[in-house]
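This report describes selected features of one protein model.

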Amino acid sequence: MNISEKHQPLAAQLQAFRHELHRHPELSNQEFETTARLRAALEEHQIRILDLPLPTGLVAEVGDGDGPLIVLRSDIDALPIEEKSGVEYLSQNPGVMHACGHDFHASAALGAAILLKKIEATLPGRVRILFQAAEETGMGAPALLATGALDQAKAIFGIHNDPSLPVGVIGSKGGALTAGVDRFTLTITGTGSHAAKPHEGNDPIVIAGQLIGTLQTVISRNLSSAENAVVSITQIHSGTTWNVIPDSAWLEGTVRTFSAGAREKIEQRFRQVAQGLGETYAARIELDWQAGPPSVVNDPAWAEFALAQAPLAGFAARVVEASPIGEDFAFYQQQIPGAFVMVGSGGPFALHHPEFRVDDRALFPTADYLATLAVNALEKLSQETHASGPSQ
């Protein structure tokens, strides 16, 4: 993507900053060096940093006065993955990698803050830029909301790179954009025995097989064919040797849904299936259901607005399909209207892959897009406020 001559120094600075973050990834709630690097970069540009009770992550602010407050959100944590991307700025932290592109998000948000700072005196309100910790745990957003820093916000916007989209494309849609994410474990307690005498025990592996097959029918036989949802069992553990039937089995997996109704119904049916099969096989089946972030549900008007700003920053706008990935940005949307957008990062490897990489050509344009989006959202809100002033 083309970058004007006047912006090339900042583009180079942002790229170097992202590479430095990429070399030093940190896991959720351990982003101490990342936070320090961000703080130093913001202070270098005289950008205000709010004093908040956050162990990691931070919130910057640009703008003054009594105008509307909007929010731009990025995230900063990495994943427990050994990097195999082959880039020159490879992770120097063994077993930890920015395999979801949060280094890209944070660097783009930093760039937006710098661009906004240059025009701070003209802003008709304030922009708070979130560098959020612990997105990968699903609990970073609630922790930040608990500080009260977003209580007066009128709109919020977030980005995520998308390797399935080419560089130069921004995608979004009104309504559900990402899935609600739940994690479950099932512990089956039966009775062990010699493998040659299964009648003397109560085989938890046979019960696990029945449980797996039955759970796969929860969606196909309980939800409308027009309702998207996924049940995946991703771990099964039982037994220690070839000639002994164990006394327990353990399963783990995830459920992805796009509506609160489907989410509630699936959990209810899981509990009924576990109880019913436990009674049928005279075994104990315990379900531990761990609710994660709900579905990201974009405000239709703000999603349309966010897409309309894309060409102003040199992007093509695209309406995309909903994705089954999870995002704790959804927690912000429960309190603040706004939109989440996907930024093409060029692939070829998917998010959370050890060879995942982001095309640097998308970095400065994304910063420019975020700044443009913030300015025009403030203008829109300011005009609406003036138009709906006190009646005569």
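## Basis of the description

Helices and strands are DSSP runs, of at least four residues for helices (H or I) and at least two for strands (E), and they are numbered from the N terminus. The model is predicted.

## Gln 235 in strand 10

Strand 10 comprises residues 229-238, and Gln 235 is found in this strand.

Beyond its neighbours within four places in sequence, Gln 235 is in contact with Trp 250, Leu 251 and Glu 252. The side chain of Gln 235 makes a polar contact with the side chain of Glu 252 at 2.5 Å. A polar contact also links the side chains of Gln 235 and His 237, at 2.8 Å. Gly 253 is 18 residues from Gln 235 along the chain, and the C-alpha atoms of these two residues are separated by 6.6 Å.

## The annotated binding site

In an unreviewed entry, UniProt lists Cys 100, His 102, Glu 136, His 160 and His 352 under "binding site". These residues are spread over 253 residues of sequence, yet they cluster in space, with a largest C-alpha distance of 13.0 Å. Of the listed residues, Cys 100, Glu 136, His 160 and His 352 are included in the lining of the largest pocket.

Apart from residues up to four places away in sequence, His 160 touches Cys 100, His 102, His 105, Glu 327, Phe 340, Val 341, Met 342, Val 343 and Leu 351. With its neighbours within four places likewise left aside, His 102 is in contact with Asp 75, Ile 76, Asp 77, Glu 135, Glu 136 and His 160.

Ser 74 is found in strand 3, residues 69-75. Its relative accessible area is 1%, so Ser 74 is buried. Leaving aside neighbours within four places in sequence, the contacts of Ser 74 are His 105, Ala 106, Ala 109, Leu 130, Phe 131 and Gln 132.

## Strand 6 and its partners

Strand 6, residues 169-172, is covered on both faces: Val 169 and Gly 171 on one side, and Ile 170 and Ser 172 on the other, are all buried. Four bridges join strand 6 to strand 15 (residues 316-319), and these two strands run parallel. With strand 16 (residues 338-344), strand 6 pairs in the antiparallel sense over two bridges.

Gly 171 takes part in both pairings. In strand 15, Gly 171 stands opposite Arg 318; in strand 16, the bridge partner of Gly 171 is Met 342. Met 342 is also one of the residues that His 160 touches.

Notes
Residues are numbered from 1 along each chain as its sequence is written. This is a predicted model: local features need pLDDT of at least 70, side-chain atom pairs count only at pLDDT 80 or more; totals for chains, interfaces and linings use all residues. Side-chain values use heavy atoms; hydrogens and water are left out. UniProt positions are given in the numbering used here, feature names are shortened, and annotations may be inferred rather than shown by experiment. On a 1 Å grid over the protein atoms alone, a cavity is a set of points where a 1.4 Å probe fits but cannot get out, and a pocket is an open set with protein on both sides within 12 Å along at least five of seven lines; lining residues have an atom within 4 Å of a point. Contact means heavy atoms within 4.5 Å. Buried means under 20% relative accessible area, exposed over 50%, partly exposed in between (1.4 Å probe, protein chains only). Two strands pair if DSSP finds at least two bridges between them. A polar contact is a pair of N or O atoms within 3.5 Å; within protein, one must be able to donate a hydrogen and the other to accept it, and residues adjacent in sequence count only if both atoms are side-chain atoms.
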